Amino acid sequence: MSGGTISTSETRIEALQLQSSAYGVTVAYTAGMPRIPGNMVWYGGFKAVPHTTTQSAGGKGGGVKTQATTYTYSASVMMSLGHGPVGGGMLVKRIFKGKSIFGVDDK
């Protein structure tokens, strides 16, 4: 008699859900290099990518196989940062994720 398979899977998210409306939100007027939050105005191309791992536990009768599925998500987003054009040396050089720097461009 051979062993069976135990499968677990996270709940797959099908779309991005926002919890608040941005209508009437104050738009930042910036000078220098402030750290301001972005306001998402559009998103598209939402993807859920499954990652399945399998582990076998040997033993009498063939053992038991365990499969676990998790997901990573990606999307294209458009963010509004403030009022007016970005130019004249004003570029987005750093992106923060929490308190740590997520992306840096010091050119």
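User: Rings of Phe, Tyr and Trp pair if their centres lie within 6.5 Å. How many aromatic pairs does a search of the whole structure find?

Analyst: The model is predicted, and the search covers the whole structure. The number of aromatic pairs found is 2.

User: Are the planes of Phe-46 and Tyr-73 stacked or edge-to-face?

Analyst: The ring centres of Phe-46 and Tyr-73 are 5.8 Å apart, and the planes meet at 20°. Planes under 30 degrees apart count as stacked, over 60 as edge-to-face. With an angle of 20°, the pair of Phe-46 and Tyr-73 is therefore stacked.

User: Which strands does this pair link, and how many residues separate its members?

Analyst: The pair joins distant parts of the chain. Phe-46 belongs to strand E2 (residues 39–57) and Tyr-73 to strand E3.

User: Phe-46 has 24% relative accessibility and Tyr-73 has 33%; are they buried, exposed or in between?

Analyst: Buried requires under 20% relative accessible area, and exposed requires over 50%. The 24% of Phe-46 falls between these limits, and so does the 33% of Tyr-73. Phe-46 is partly exposed, and Tyr-73 is likewise partly exposed.

User: What is the angle between the planes of Tyr-71 and Tyr-73?

Analyst: Tyr-71 and Tyr-73 form a stacked aromatic pair, 6.4 Å from centre to centre. Tyr-71 is buried because its relative accessible area is 17%, under the 20% limit. The angle between the planes of Tyr-71 and Tyr-73 is 25°.

User: Which residues form the aromatic cluster?

Analyst: Tyr-73 pairs with Phe-46 and also with Tyr-71. The one aromatic cluster is made up of Phe-46, Tyr-71 and Tyr-73.

User: Which side chain has a polar contact with that of Thr-69?

Analyst: Thr-69 lies in strand E3 and counts as buried, at 17% relative accessibility. Beyond neighbours within four places in sequence, Thr-69 is in contact with Thr-8, Ser-9, Glu-10, Pro-50, His-51 and Thr-52. The polar contact, 3.1 Å between side chains, joins Thr-69 to Thr-52.

User: How far apart in space are Gly-63 and Thr-5, C-alpha to C-alpha?

Analyst: Gly-63 is in the loop between E2 and E3. Its relative accessible area of 14% makes Gly-63 buried. Gly-63 and Thr-5 are 58 residues apart in sequence. Their distance in space, C-alpha to C-alpha, is 9.1 Å.

User: What accessible area do the residues of the nonpolar patch on the surface have together?

Analyst: The patch consists of Ile-36, Val-77, Met-79, Leu-81, Val-92, Ile-95 and Phe-102. Leu-81 sits in the loop between strand E3 (64–80) and strand E4 (94–97). At a relative accessible area of 36%, Leu-81 is partly exposed and passes the patch limit of over 30%. Together the patch residues have an accessible area of about 630 Å².

User: What share of the residues in the protein chain is buried?

Analyst: The chain has 0 helices and 5 strands, in the order β-β-β-β-β. Its accessible surface is about 9200 Å², with 56% belonging to carbon and sulfur atoms. Of the 107 residues, the buried share is 5%.

Technical notes. Residues numbered from 1 in each chain as written. Predicted model: local features only at pLDDT ≥ 70, side-chain atom pairs only at ≥ 80, totals over all residues. Heavy atoms only, no water. Helix = DSSP H or I, 4+ residues; strand = E, 2+ residues; numbered from the N terminus. Buried < 20%, exposed > 50% of the residue type's maximum accessible area, 1.4 Å probe, protein only. Areas by Shrake-Rupley, 256 points an atom, 1.4 Å probe, with all protein chains shown as cover. Patch = residues over 30% accessible without salt bridge, like charges linked within 9 Å, V, L, I, M, F, W, Y side chains within 5 Å. Salt bridge = Lys/Arg side-chain N within 4 Å of Asp/Glu carboxyl O. Phe/Tyr/Trp six-rings, centres within 6.5 Å; stacked < 30°, edge-to-face > 60°. Polar contact = N/O pair within 3.5 Å; in protein donor to acceptor, adjacent residues only side chain to side chain. Contact = heavy atoms within 4.5 Å.
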